Amino acid sequence: MKISRLAKLVSILALAAVVTAGVLHYVPLNIFSVQQKPEQTPQKVYDYYIIVEEDTGEVLMYVPLVVSIGDELISEENKRYKIVKVEENQAYARFVENLNLELYKK
């Protein structure tokens with residue numbers, strides 16, 4: 001009789017494990033899914049872009065390249081900027097740091 005009860009318990013646990021594995025395999029777990037960022041609309045391409053300092057409005061440069069948010073540039077005064085906003089053919093750059101290029105000369 002004890003063997004019969006033990007066999008029933010083992011078979012019930014095995015059946016429960018198979019059912020749980022099957023449910024987890026076929027049912028997507030949306031609880032843990034990572035949300036995707038919404039797709040950005042493609043930016044219109046212009047012949048040139050005007051890069052402007054964000055705070056002062058000073059024109060840093062004109063470039064014949066497509067400018068995107070996150071791009072970086074170094075001005076004539078060895079100041080590093082990062083592009084933070086692009087509106088039509090005007091890009092706004094935020095000052096990051098002054099660069100000492102003498103450190104990189106050999």
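This section describes the fold, the nonpolar residues and the charged pairs of a predicted model.

The protein chain contains 1 helix and 5 strands. From the N terminus on, the order of elements is α-β-β-β-β-β. Of its 106 residues, 16% count as buried. The accessible surface comes to about 9,500 Å². Carbon and sulfur atoms account for 58% of that surface. Among contacts between residues at least 6 apart in sequence, 26% join residues at least 24 apart.

The largest nonpolar core has 10 residues. These are Tyr49, Ile51, Leu60, Val63, Val67, Leu73, Tyr81, Ile83, Ala91 and Ala93. At least two residues of this core come from each of strands E1 (49-53), E2 (59-63), E4 (79-87) and E5 (90-98).

Leu6 belongs to helix H1, which spans residues 2-26. Its relative accessibility is 53%, so Leu6 counts as exposed.

The structure holds 4 salt bridges. In one of them, the side chains of Glu54 and Arg94 meet at 2.7 Å, N to O. Glu54 lies in the loop between E1 and E2, whereas Arg94 lies in strand E5, so the pair ties together parts that are 40 residues apart in sequence. Both partners are partly exposed: Glu54 has a relative accessible area of 31%, and Arg94 has a relative accessibility of 43%.

A salt bridge also joins Arg80 and Glu72, at 3.8 Å, N to O. Arg80 is partly exposed at 25% relative accessibility. Glu72 is partly exposed as well, with a relative accessible area of 44%. Glu87 pairs with Lys85, with the closest N and O atoms 3.6 Å apart. Salt bridges that share partners join Glu72, Arg80 and Glu97 into one network.

Glu53, in strand E1, is buried yet has no salt bridge. The nearest side chain of opposite charge is that of Arg94, 7.7 Å away. A salt bridge requires a nitrogen-to-oxygen distance within 4 Å. Leaving aside neighbours within four places in sequence, Glu53 is in contact with Glu58, Leu60, Tyr81, Ala93 and Phe95. Among these partners of Glu53, Leu60, Tyr81 and Ala93 belong to the largest nonpolar core.

Methods:
Residues are numbered from 1 along each chain as its sequence is written. This is a predicted model: local features need pLDDT of at least 70, side-chain atom pairs count only at pLDDT 80 or more; totals for chains, interfaces and linings use all residues. Side-chain values use heavy atoms; hydrogens and water are left out. A nonpolar core is a set of buried Ala, Val, Leu, Ile, Met, Phe, Trp, Tyr and Cys residues joined through side-chain atoms within 4.5 Å. Buried means under 20% relative accessible area, exposed over 50%, partly exposed in between (1.4 Å probe, protein chains only). Helices (H or I, at least four residues) and strands (E, at least two) are DSSP runs, numbered from the N terminus. Lys and Arg count as positive and Asp and Glu as negative; His and the chain ends are not counted. Contact means heavy atoms within 4.5 Å. Accessible areas come from the Shrake-Rupley method with a 1.4 Å probe; for residues, only the protein chains shown count as cover.
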